[in-house]
Amino acid sequence: MFSLQVATERPPEGLARGVWAAPRWTVAALGAVVVLGAVVYLALRVRRARRSAR
């Protein structure tokens with residue numbers, strides 16, 4: 001009797017699973033830039049709100 005199980009090949013674990021393979025430091029740097037940009041944006045919004053409230 002034959003087994004009908006299909007062997008599926010899985011990509012290696014880690015960050016190199018997408019369309020473009022990227023080293024870990026690239027992903028970490030991109031995340032840091034996004035977080036830093038959000039902090040700067042929010043700080044400027046708070047500063048403008050405080051200035052206009054006076």
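Reply: L36, V40 and L44 make up a nonpolar patch on the surface, and together they have about 270 Å² of accessible area. Such patches take residues with over 30% relative accessible area and no salt bridge, joining nonpolar side chains (Val, Leu, Ile, Met, Phe, Trp, Tyr) within 5 Å and like charges within 9 Å. A salt bridge is a side-chain nitrogen of Lys or Arg within 4 Å of a carboxyl oxygen of Asp or Glu. Areas follow the Shrake-Rupley method with a 1.4 Å probe, and for residues only the protein chains shown count as cover.

The model is predicted: local features need pLDDT of at least 70, side-chain atom pairs count only at pLDDT 80 or more, and totals for chains, interfaces and linings use all residues. Residues are numbered from 1 along each chain as its sequence is written, and side-chain values use heavy atoms, leaving out hydrogens and water.

L36 is part of helix 1. Its relative accessibility is 56%, so L36 counts as exposed (exposed is over 50%, buried under 20%, partly exposed in between). Of the chain's 54 residues, 0% count as buried.

Definitions and conventions. Buried < 20%, exposed > 50% of the residue type's maximum accessible area, 1.4 Å probe, protein only. Helix = DSSP H or I, 4+ residues; strand = E, 2+ residues; numbered from the N terminus.
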